[in-house]
Amino acid sequence: MTGVRAALALYPPSWRARYGDEVLALVEDSGGGPAAVASLVWRALPAWFWPQRHLHDRPARMRASLGTALMSWSMLAGLGLVFAQLTQLQALAPPGHPQIRWAYAVFDLTLAASALIAGLGGLLLWLLMLRRARREQRIRDTVYLFLPVIAPAAYLAGLIVTVRLAGSVSGVSQGWFSVITLAGFAAAATAAAGPGLALRRLQPRGPALRLAATAAGVSAAVMAVATVAIVVAVTSLNLWARQFPGYHDGTLSGIYLALVVTAATVTTVSAARGTRAALVQP
Amino acid sequence: MTDRLDRWADPPLLVLASLADEPKHGYAITQDVAETMGVRLSAGTLYAVIARLEARGLIEPLESDDRRRPYRITMAGAEALAQQSERMSKVASVARERLSTRLGWAGA
């Protein structure tokens with residue numbers, strides 16, 4: 001039965017929840033074997049591509065999409081801020097290539113707009129979940145909901161202390177910069193994980209959830225524009241600004257861009273699935 | 001009784017036909033289809049078909065405390081099965097007639 005369970009793990013959660021036990025009972029009765037496992041594996045992929053509507057739990061879809069999109073958005077924003085730190089704030093803008101400055105401006109504007117849209121769209125849902133967590137005295141959920149405030153605040157406090165202790169007139173060393181950057185990603189992941197966990201535990205539904213899922217879709221679309229700006233700026237710097245440190249070799253930039261595009265793809269796909277669940281009538 | 005065209009059998013039709021007389025659970029459907037229609041339905045195929053038929057309202061699950069949940073055909077499913085059976089009867093009739101004319105085949 002291990003093989004059958006492994007094959008069932010390839011199916012969408014909603015399919016597995018609905019038919020998983022029945023399939024196991026069937027395989028128990030019929031003797032199963034490699035043929036049963038092979039047939040289940042073969043049919044798993046179409047179950048993802050053509051999800052059954054009667055299994056579609058829209059609120060669950062929206063909650064799952066919001067959790068994933070929030071995490072990937074945070075990683076993307078973190079990568080974007082590394083881009084801003086390494087290029088924009090150091091004024092890397094060779095003359096004759098105005099698209100780089102344009103890309104910086106577009107990135108700043110779209111990152112701020114995306115954060116604002118996501119924040120405003122999710123505020124009502126956050127407040128409702130917080131009210132319920134406090135009313136039912138769910139301390140762990142209350143802490144989860146406050147993580148988007150606690151984690152960045154702790155990170156900023158740690159950053160100030162680190163810069164004062166380890167910094168000099170020219171800034172911090174490359175080693176400390178790496179530590180600060182990695183700590184920033186950890187803080188962003190923690191901040192994003194909090195509401196994601198609260199969504200799973202409190203299982204909210206209703207108009208506030210739909211509003212948040214819709215706002216996540218708009219926010220992700222705006223963030224996609226920020227991603228294009230990052231790609232344009234970093235590619236341009238590699239092509240025409242090799243005199244700047246870090247841009248004479250395309251390997252690092254290539255890895256960075258691959259991470260950016262991956263995070264943007266996950267954000268866009270996940271947010272789009274949540275928005276579709278929020279807007280499409282059953 | 002399986003033959004070379006077995007793999008092109010229409011599993012949704014087989015499942016609907018199996019459920020036409022009484023509700024059955026997954027294993028009972030595979031047994032019935034194998035015994036009466038000569039086609040072996042694998043677990044993956046059977047539940048892909050059940051999910052599709054249920055989504056289209058052609059079959060419906062019955063309440064069950066057991067993991068072996070029975071399914072029954074709906075009115076829409078019965079109508080779809082009747083239409084398809086009629087079509088297949090015509091195809092069978094034409095096939096028999098032409099085989100008889102060309103090869104002198106008299107049928108089973």
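A: Happy to, and let's begin with a term: a nonpolar core is a set of buried Ala, Val, Leu, Ile, Met, Phe, Trp, Tyr and Cys residues joined through side-chain atoms within 4.5 Å. Buried here means under 20% relative accessible area, exposed means over 50%, and partly exposed lies in between (1.4 Å probe, protein chains only). The largest such core has 35 residues, and those with the most contacts inside it are A:Trp15, A:Tyr19, A:Val23, B:Val15, B:Leu46, B:Tyr47 and B:Ile50. At least two residues of this core come from each of helix 1 (2–8), helix 2 (13–30) and helix 3 (34–49) of chain A, and likewise from each of helix 1 (11–19), helix 2 (26–37), helix 3 (43–55) and strand 2 (71–73) of chain B. Helices (H or I, at least four residues) and strands (E, at least two) are DSSP runs, numbered from the N terminus. The most is given by helix 3 of chain B, with seven residues.

Before going on, a word on the model: it is predicted, local features need pLDDT of at least 70, side-chain atom pairs count only at pLDDT 80 or more, and totals for chains, interfaces and linings use all residues. Residues are numbered from 1 along each chain as its sequence is written, chains are lettered from A and ligands numbered from 1 in the order in which they are written, and side-chain values use heavy atoms, with hydrogens and water left out.

Leaving aside residues up to four places away in sequence, B:Val15 touches B:Ile29, B:Leu41, B:Leu46, B:Val49 and B:Leu53, where contact means heavy atoms within 4.5 Å. Chain B as a whole has four helices and two strands, running α-α-α-β-β-α from the N terminus on. Of its 108 residues, 34% count as buried.

Now to the interface itself. There, 19 residues of chain A are in contact with 20 residues of chain B. The area buried between the chains is about 1,700 Å², with carbon and sulfur atoms giving 57% of this; buried area is the accessible area (1.4 Å probe) that two parts lose on being put together, summed over both. On the chain A side, A:Glu22, A:Leu26 and A:Arg43 lose the most area to chain B, together 32% of what that side buries.

The rule finds five salt bridges across the interface of chain A and chain B, a salt bridge being a side-chain nitrogen of Lys or Arg within 4 Å of a carboxyl oxygen of Asp or Glu. A:Arg18 pairs in this way with B:Glu54, the closest N and O atoms being 3.0 Å apart. The elements giving two or more residues to the side of chain A that touches chain B are helix 2 and helix 3 of chain A. Helix 2 of chain A supplies the largest share of that side, 13 residues. A network of salt bridges also links A:Glu28, A:Asp29, B:Asp66, B:Arg67 and B:Arg68.

For a pair within chain B, look at B:Asp21 and B:Lys24, which form a salt bridge with the closest N and O atoms 2.7 Å apart. B:Asp21 is exposed, with a relative accessible area of 61%, whereas B:Lys24 counts as buried at 8% relative accessibility. Over all chains, the structure holds 13 salt bridges.
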